[in-house]
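Visitor: I have a structure to go through with you. Please tell me what each label rests on.

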Amino acid sequence: MTDTSCLWEIVMEGILIWLLVGGIAGWLAGLIVKGGGQGIVINIVVGIVGAVIGGWLFGQLGVAIGTGIINSIITAVIGAVILLLIIGLIRGKG
């Protein structure tokens with residue numbers, strides 16, 4: 001295995017994990033926030049953006065929930081719920 005193919009596998013694995021965490025987080029946030037679920041693609045986008053929001057918010061608050069995929073999903077769900085609530089307020093559903 002060459003260095004390039006090994007790097008490619010690492011990158012692809014990272015992308016797949018982002019998609020998995022985003023999909024799960026977006027789906028869970030859609031269940032928590034009524035009317036939030038919009039399909040797999042939107043769930044993934046909401047989950048990934050939620051992960052960014054949750055990571056930023058926890059960093060600002062000095063909260064560290066650890067590492068690992070479960071903690072990443074928890075962080076992403078919290079951020080995605082916040083995102084969906086803000087979107088709901090903007091749309092007038094809140």
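Guide: This is a predicted model. Start with the record: an unreviewed UniProt entry annotates residues 15-33, 40-58 and 64-90 as "transmembrane region".

Visitor: How do you know what the chain does over residues 40-58?

Guide: That span is 100% helix and 0% strand, with its end C-alpha atoms 26 Å apart. Residues 15-33 are 95% helix and 0% strand, and their end C-alpha atoms are also 26 Å apart.

Visitor: What makes I17 a lining residue of the second largest pocket?

Guide: Lining residues have an atom within 4 Å of a pocket point. I17 is listed in the lining, so it meets that cut-off. The pocket holds about 170 Å³ of space. Helices α1 (3-32), α2 (40-61) and α3 (69-91) each supply at least two lining residues.

Visitor: Why does the lining count three polar residues?

Guide: The rest of the tally is seven nonpolar and no charged.

Visitor: What makes I69 part of a nonpolar patch on the surface?

Guide: Patch residues need over 30% relative accessible area, and nonpolar side chains are joined within 5 Å. I69 is in the patch with I17, L20, L61, V63, I65, I70, I74 and I78, so it passes. Together they have about 750 Å² of accessible area. Helices α1 and α3 give two or more residues each. The largest share, four residues, comes from α3, where I69 sits.

Methods. Residues numbered from 1 in each chain as written. Predicted model: local features only at pLDDT ≥ 70, side-chain atom pairs only at ≥ 80, totals over all residues. Heavy atoms only, no water. 1 Å grid on protein atoms, 1.4 Å probe; cavity = no way out; pocket = protein on both sides within 12 Å on 5 of 7 lines; lining within 4 Å. Points joined across faces, edges and corners; volume = space filled by probe spheres on them. Nonpolar A, V, L, I, M, F, W, Y, C, P; charged D, E, K, R; others polar. UniProt positions renumbered as here; feature names shortened; annotations may be inferred. Patch = residues over 30% accessible without salt bridge, like charges linked within 9 Å, V, L, I, M, F, W, Y side chains within 5 Å. Areas by Shrake-Rupley, 256 points an atom, 1.4 Å probe, with all protein chains shown as cover. Salt bridge = Lys/Arg side-chain N within 4 Å of Asp/Glu carboxyl O.
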